[in-house]
Amino acid sequence: MSFANAAREFLNSPTGPRTTHFWGPVANWGFVAAGFADTQKSPEKISGGMQTALCVYSGLFMRFAWMVQPRNYILLSCHMANEGVQSYNLSRWLNYTYGGEKEQKELA
C-alpha cells in the first residue's frame, strides 16, 4: 500500500480527522498535559475533589471508548494516560492531606 493510499484511507476512515472520534480525543489530551503540569506543583495546591472527578471521568470514558463502535483507540489511550497522571496527583494530595505532611508543615 502506498503512502498516498494509506493517507487517503486514514482521512476517510470512521475515526479519521474528519470526525469527532478524532478531534474529541485530541482535545482531551489537554487534560493529560494539565495533569503533568500539576505534578510539579505543591500538593497543597492540588484539589482533591477535582482529581477524584477526573479519575472517575477517565475511568468511565475508558469503558466508553472501548465499547463504542467503531472502537476509539485514540480516546482510550488518552483516558488511560489521564487516569494514570490524575491518580498520581490524587495520591500526592491524599498523602499530603491525610498522611501527615500537612501537620508537619503547619508545625514548622
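Predicted model: local features only at pLDDT ≥ 70, side-chain atom pairs only at ≥ 80, totals over all residues.

Q: How many aromatic pairs does the structure hold?
A: There are 7 aromatic pairs. Rings of Phe, Tyr and Trp (its six-membered ring) pair if their centres lie within 6.5 Å; planes under 30 degrees apart count as stacked, over 60 as edge-to-face and the rest as tilted. One of the pairs is formed by phenylalanine 10 and phenylalanine 22, edge-to-face, at 6.0 Å centre to centre and 75° between the planes.

Q: Where do those two residues lie?
A: Phenylalanine 10 is in helix H1 (residues 3-11) and phenylalanine 22 is in helix H2 (residues 20-38), so the pair links distant parts of the chain, 12 residues apart. Helices here are DSSP runs of H or I with at least four residues, numbered from the N terminus.

Q: And phenylalanine 22, buried or exposed?
A: Phenylalanine 22 is buried, with a relative accessible area of 16%. Phenylalanine 22 also forms an edge-to-face pair with tryptophan 23, at 4.8 Å centre to centre and 85° between the planes.

Q: Which residues make up the aromatic cluster?
A: Phe31, Tyr57, Phe61 and Phe64 form one aromatic cluster.

Q: What lies over the face of tryptophan 66?
A: Arginine 71 does, at 3.9 Å from the ring centre. The criterion is that NZ of Lys or CZ of Arg is within 6 Å of the ring centre and within 35 degrees of the ring normal.

Q: Changing topic: which residues does the cis peptide bond join?
A: The cis bond joins glutamine 69 and proline 70, with omega of about 0°. Proline 70 lies in the loop between H3 and H4. For context, most peptide bonds are trans.

Q: How do H3 and H4 pack?
A: Helix H3 (residues 48-67) and helix H4 (residues 73-98) pack at an angle of about 155°, with their axes 8 Å apart. Axes are lines fitted to C-alpha atoms, for helices over the stretch in contact, and angles run from 0 to 180 degrees between N-to-C directions. H3 and H4 are therefore roughly antiparallel. Angles under 35 degrees count as roughly parallel, over 145 as roughly antiparallel, 65 to 115 as roughly perpendicular and the rest as oblique.

Q: And H2 with H4?
A: H2 and H4 pack at about 20°, with their axes 9 Å apart. That makes H2 roughly parallel to H4.

Q: Finally, is tyrosine 98 buried or exposed?
A: Tyrosine 98, which lies in helix H4, counts as exposed, because its relative accessibility is 64%.

Methods
Residues numbered from 1 in each chain as written. Heavy atoms only, no water. Buried < 20%, exposed > 50% of the residue type's maximum accessible area, 1.4 Å probe, protein only.
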